Amino acid sequence: MSSGLSAFLDRRIWSFNVEVARYAHPAWLTQFKQGWPAAWVRDIHHQSQYLISTHGLALTRAEVMHSAFERVALLNARDIHQLIRCWIARHCSGYLRENVGGRIARGNARVLGTAVMDGALAMPRDGQGDGSVHRAHGNYGSHGRSEIARPADLAVLHRRVLRTIYEHLSPEVAQRFRLRFRPGCFHEVLAIDDVSELEASLVSVEMRDYLSKEGACILSVR
């Protein structure tokens with residue numbers, strides 16, 4: 001790793017540790033804003049201290065950021081969501097090709113985003129999204145469905161991928177990763193099965209085209 005990339009990663013980890021309120025979902029600060037003086041409520045330092053104390057956040061050190069999932073945890077929430085949408089679209093391209101128009105297609109676009117969906121549909125047909133993804137990862141759909149059959153199933157799969165990442169982070173990173181998303185986001189969904197394939201895919205070079213420059217840089221660090 002170059003000294004420039006090392007310094008960049010060190011800054012990201014410092015922000016991850018100290019500036020918690022900058023990346024935490026606003027819902028985690030609801031009680032703080034209701035019960036503390038107005039001057040404190042507006043101060044991001046006091047917000048961060050409240051979150052650190054309330055959730056007993058431990059420090060994250062550079063040496064624990066050894067896996068792809070840990071690097072994903074350093075991304076901002078927008079990039080994390082975008083990365084997962086890209087993974088889903090690529091692995092469910094067979095379903096997307098079967099529904100290129102009408103109500104279901106519009107629903108798919110709302111969940112995945114038009115650019116992500118169009119990118120997946122433009123990829124060569126190599127069997128990646130032909131349905132084998134369901135067998136590899138277990139039941140994907142909502143309400144126990146065995147495959148992706150409607151936009152709601154894509155949304156459930158999105159939450160399952162988040163849950164999978166969360167379960168495979170070191171404890172101190174997982175604490176902070178959870179705060180990026182609304183309370184309860186990981187509840188009542190199961191992790192997917194093929195973790196090694198997911199981890200490798202999320203940090204692959206082709207996925208970085210859909211991320212911010214900062215997000216792409218974080219994933220390029222080895």
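Are F177 and F181 buried or exposed? Both F177 and F181 are buried, where buried means under 20% relative accessible area, exposed means over 50%, and partly exposed is in between, with a 1.4 Å probe and protein chains only.

Okay, housekeeping before we go on. This is a predicted model, where local features need pLDDT of at least 70 and side-chain atom pairs count only at pLDDT 80 or more, while totals for chains, interfaces and linings use all residues. Residues are numbered from 1 along each chain as its sequence is written, and side-chain values use heavy atoms, with hydrogens and water left out.

So, the overall picture. The protein has 15 helices and zero strands; those are DSSP runs numbered from the N terminus, H or I with at least four residues for helices, E with at least two for strands. Of its 222 residues, 48% count as buried. Take the contacts with a separation of 6 or more: 72% of them come from residues 24 or more positions apart. Contact here means heavy atoms within 4.5 Å.

Back to the rings. There are six aromatic pairs in the structure. The rule is that rings of Phe, Tyr and Trp (its six-membered ring) pair if their centres lie within 6.5 Å; planes under 30 degrees apart are stacked, over 60 edge-to-face, and the rest tilted. F177 and F181 make an edge-to-face pair, at 5.1 Å centre to centre and 65° between the planes. F16 and Y23, on the other hand, are stacked, with 5.4 Å between centres and 25° between planes. F16 and Y23 are buried too. And ring pairs tie Y166, F177, F181 and F186 into a cluster.

Helix α12 is residues 151–167, α13 is 171–179, and their axes come within 9 Å and cross at roughly 150°. Axes, by the way, are lines fitted to C-alpha atoms, for helices over the stretch in contact, and angles run from 0 to 180 degrees between N-to-C directions. L162, I165 and Y166 of α12 meet A174, F177 and R178 of α13. By class, that contact has five nonpolar residues, no polar and one charged. Nonpolar is Ala, Val, Leu, Ile, Met, Phe, Trp, Tyr, Cys and Pro, charged is Asp, Glu, Lys and Arg, and polar is the others, Gly among them.

Also in α12 is H158, which counts as buried because its relative accessibility is 10%. Beyond neighbours within four places in sequence, H158 touches H81, I84, R85 and I88.

Now α10, residues 114–121, whose buried residues are V116, M117 and A120. They cover an arc of only 95° around the axis, so they sit on the same side of α10; that arc is taken over directions from the helix axis to the C-beta atoms. They pack against α7, α8 and α9. With α9, the angle is about 110° and the axes are 7 Å apart, so α9 and α10 are roughly perpendicular.

From the α7 side, look at A89. A89 is buried at 1% relative accessibility, and its contacts, leaving aside neighbours within four places, are L96, L112, V116 and A120.

Technical notes: Angles under 35 degrees count as roughly parallel, over 145 as roughly antiparallel, 65 to 115 as roughly perpendicular and the rest as oblique.
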